[in-house]
Amino acid sequence: MGKIIAITNQKGGVGKTTTSVNLSACLAEAGKKVLLLDLDPQGNASSGVGIDKDSLDTCVYDVLIDEVPLTDIIASTMIKKLKVAPATIQLAGAEVELVSMDKRESRLKRALKQVKKEYDFIIIDCPPSLGLLTLNALVAADSVLIPIQSEFYALEGVSQLIKTIELVQENMNTSLHIEGVLLTMYDGRTNLSIQVGEEVKKFFGTKVYKTIIPRNVRLSEAPSYGEPIIIYDPRSKGAAVYTSLAKEVIKYAKKQ
Ligand code: ADP
Ligand code: MG
């Protein structure tokens, strides 16, 4: 039974894609069958696992809009147990096209139904907005993982995100819950990071992962090689922390 986790925060640049790619890769490396579903028209999660977007004829857009079966667009990656449902810039059009469509907020849920049982985890990389694409992710997901950058205004917008999650819980997906909150780009040498960390813990309590993602240059280099960190530099700090996050996610899934 695949657990569907949406990686969401409507703020850009907080580490959603980095977390989607590297958590997916580390879960697969730990022996889990994983599908990484790219729901951001930027397609950075797709290229992050080595997909050449220019060579694609179809992507998640065709699944959402034309009801192409998800299995038709799923591609392999360099990690055996990690598959990807890629996105290209074409997906940008879906945000508008969905508006007038039937069951516009549950189209992804419907598409995932066919493949859910084939995976242990399905990780959705969401775009930086709370539009219809993210709404589709929240309706389809079992839970939400929220990356929070250890920076000024870290919690800005979080209350709006929580409100959106609650609305979805009340109306469309009663079992949706918060999977966990991840501190990213943390610098333990700065008071700011420490302060943000404390604020986030005050707000989210035990939902905050023990694993904290520090700033790590290797993590920012890996995408330009189209490789998750455990392939690009398995000995880096970045590889170690995302491996540790994967362990926490697996442990939590077992408890449920
Ligand atoms: P989002 O998907 O939320 O917009 P990204 O994952 O794309 O955020 O991250 C934004 C930028 O920060 C990217 O250039 C990425 O490589 C970089 N980055 C993300 N996490 C880290 C980290 N822990 N250390 C260093 N750079 C990071
Ligand atoms: Mg992103």
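Colleague: Which helix is the place of aspartate 72?
Modeller: Helices (DSSP runs of H or I, at least four residues) and strands (runs of E, at least two) are numbered from the N terminus. Aspartate 72 has its place in helix α4, residues 70-73. Before we go on: this is a predicted model, where local features need pLDDT of at least 70, side-chain atom pairs count only at pLDDT 80 or more, and totals for chains, interfaces and linings use all residues. Residues are numbered from 1 along each chain as its sequence is written, while chains are lettered from A and ligands numbered from 1 in the order in which they are written.

Colleague: Is aspartate 72 buried or exposed?
Modeller: You count C-beta atoms, placed from the backbone: a residue is buried if 20 or more others lie within 10 Å of its own, exposed if 12 or fewer, and partly exposed in between. Aspartate 72 has 10 other C-beta atoms within 10 Å, so it is exposed.

Colleague: How do I read a sheet, and what is the order of the strands here?
Modeller: Look for pairs first: two strands pair if DSSP finds at least two bridges between them. Here 7 strands form an open sheet in the order β3-β4-β2-β5-β1-β6-β7, with mixed pairing. The edge strands, β3 (75-76) and β7, each pair on one side only. Between β3 and β4 there are 2 bridges, and these strands run antiparallel; serine 76 stands opposite lysine 83 in β4.

Colleague: Which strands are joined to β2 by bridges?
Modeller: Strand β4 (residues 82-85) runs parallel to β2, with 4 bridges joining them. Valine 34 has leucine 82 as its bridge partner in β4. Strand β5 (residues 121-125) is also parallel to β2, through 5 bridges, and leucine 37 has isoleucine 124 as its bridge partner there.

Colleague: What covers the faces of β2?
Modeller: In a regular strand the side chains alternate between the two faces of the sheet. On one side of β2 you find Val34, Leu36 and Asp38, on the other Leu35 and Leu37, and all are buried, so both faces are covered. That is 5 of the 5 residues of the strand (34-38), so β2 is largely enclosed by the rest of the structure.

Colleague: And how does the chain get from β6 to β7?
Modeller: Strand β6 (residues 143-149) runs parallel to β7, and 7 bridges join them. The chain crosses from β6 through helix α8 (residues 158-171) to β7, a right-handed β-α-β crossover. Right-handed means that, with the strands pointing away from the viewer, the path from the first strand over the helix to the second runs clockwise.

Colleague: Which residues come nearest to ligand 1?
Modeller: A residue is near a molecule if its C-beta atom, placed from the backbone, lies within 6 Å of it. Of the 17 residues around ligand 1, Gly15, Lys16, Thr17, Thr18 and Ser220 come nearest. Two elements give two or more residues to this shell: α1 (16-29) and α10 (217-221). Helix α1 gives the most, with 3 residues.

Colleague: Why is α1 called largely enclosed?
Modeller: Because 14 of the 14 residues of α1 are buried, the rest of the structure largely encloses it. After α1 comes glycine 31, whose phi is positive, near 100°.
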